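Here's a quick walk through a protein model, one region at a time. Have the sequence and the coordinates open while you read.

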Amino acid sequence: MSSQSNPGRVYNRRVTRHLDSLLPEHTLSDNDFTFGGTTIVDRENNPGKPAGGTCTIKAYVGDDGQLAVLEKSELTSRGETVWACWNRIRRTHTVEATEIPPFEYHVQSQICDRGTRKRDESLVSLAGLEEMPVYGGREAQAALILAESLAVEKAIAPDERSDICCSLHRLPSLPRLIDRGELVRLSWREVDALVGPDAEMIAAHVDVDTVPDEERQEAAAKGVKLFTDDDSGVADEEFTDRRAKRRSERAAEEDQRRERDARSLPDDMSQEEAEEKLVEMAEKIYEMREGDDEE
């Protein structure tokens, strides 16, 4: 099936390539990772959030595929906070993540509305974070996609292990799940808008760093307890080699694909220009299909 009839392939390629570029080159099992940032909220990118406020994301990936995303949205007026919402979104041993279905998350929320505080604790799916934006919205969705991609890289382990917390352990790759419409419940077009190269979400443009010791203590004070023990030993060489081999194979496949594409392009068109044209075509196909569904 060509890209013209299957626009998901266009987004698959660019999103997968972009996610790979965000992940650190070496994801050793004895390193813990973090990323985050702050953005101004607007209604188009963050529906359900107060426009003009700020959204801050801080994510952690630790031992055994454990992951946590801390999200805070806040609206201030004349120096005072008139509305704020804090979310702690986790798949960790603390919340028994191995018993939670893939791509569902334990979410603890606290809302402050003009001095009144409310608390909530729920299980929310990845798709549900946009459907109920008070639990983190699209910024949290994007952060979780990157965190899940990083967690499965860090926690490569035998399939028989049952103590790995990330959603992708013992499952096909994220691209295959999206292709099949399984579990993730997001289209490639939606995923591209979250973590694609042109996405405006925080997680689409972060630097992934190792967690310094002092930050571990700060995170633990916020209820994030997922870090690798200092005495856990050196990463298993077999799994490290397997991870490196898998990444090398993906890179080689991408290079071969780009070389094939380059040979088929007109002399006056670059690969970047060709990809832009394909994305434009994919957008038109989606719009046509949405129009057909409305009739």
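Let's start with F103, which is buried at a relative accessible area of 3% (buried means under 20%, exposed over 50% and partly exposed in between, with a 1.4 Å probe and protein chains only). F103 sits in the loop between β4 and β5, and its phi is near 60°, a positive value in a residue other than glycine. Most residues other than glycine have a negative phi.

E96 lies in the loop between β4 (80-91) and β5 (104-113) too. E96 isn't a glycine either, yet it has a positive phi of about 55°. Is E96 buried or exposed? It's exposed, with a relative accessible area of 54%.

## What you're looking at

A word on the ground rules: this is a predicted model, where local features need pLDDT of at least 70, side-chain atom pairs count only at pLDDT 80 or more, and totals for chains, interfaces and linings use all residues. Residues are numbered from 1 along each chain as its sequence is written, and side-chain values use heavy atoms, with hydrogens and water left out.

The protein has eight helices and seven strands; these are DSSP runs numbered from the N terminus, helices being H or I with at least four residues and strands E with at least two. Of its 295 residues, 45% are buried. The accessible surface comes to about 15800 Å², and carbon and sulfur atoms own 44% of that (Shrake-Rupley method, 1.4 Å probe; for residues, only the protein chains shown count as cover). Take the contacts between residues at least 6 apart in sequence: 60% of them join residues at least 24 apart, where contact means heavy atoms within 4.5 Å.

## How α1 meets α5

Now for a helix pair. The axes of α1 (residues 8-22) and α5 (residues 188-195) come within 9 Å and cross at roughly 30°; axes here are lines fitted to C-alpha atoms, for helices over the stretch in contact, with angles from 0 to 180 degrees between N-to-C directions. α1 and α5 are therefore roughly parallel to each other (under 35 degrees is roughly parallel, over 145 roughly antiparallel, 65 to 115 roughly perpendicular and the rest oblique). The crossing of α1 past α5 is left-handed, that is, the near helix is turned anticlockwise from the far one by less than a right angle, clockwise being right-handed.

Who makes the contact? On the α1 side, G8, Y11, N12, R14, V15, T16, H18 and L19 take part, and on the α5 side W188, R189, V191, D192 and V195. By class that's six nonpolar, four polar and three charged residues; Ala, Val, Leu, Ile, Met, Phe, Trp, Tyr, Cys and Pro count as nonpolar, Asp, Glu, Lys and Arg as charged, and the others, Gly among them, as polar.

## Strands and a buried asparagine

L67 is in strand β3 (residues 67-77) and is buried, at a relative accessible area of 0%. Its C-alpha is 9.5 Å from that of K225, 158 residues apart along the chain. E80, in strand β4, is exposed at 56% relative accessible area.

Finally, N46 belongs to the loop between β1 (33-40) and β2 (54-61). N46 is buried, at a relative accessible area of 4%. Leaving aside neighbours within four places in sequence, N46 is in contact with V41 and E139.
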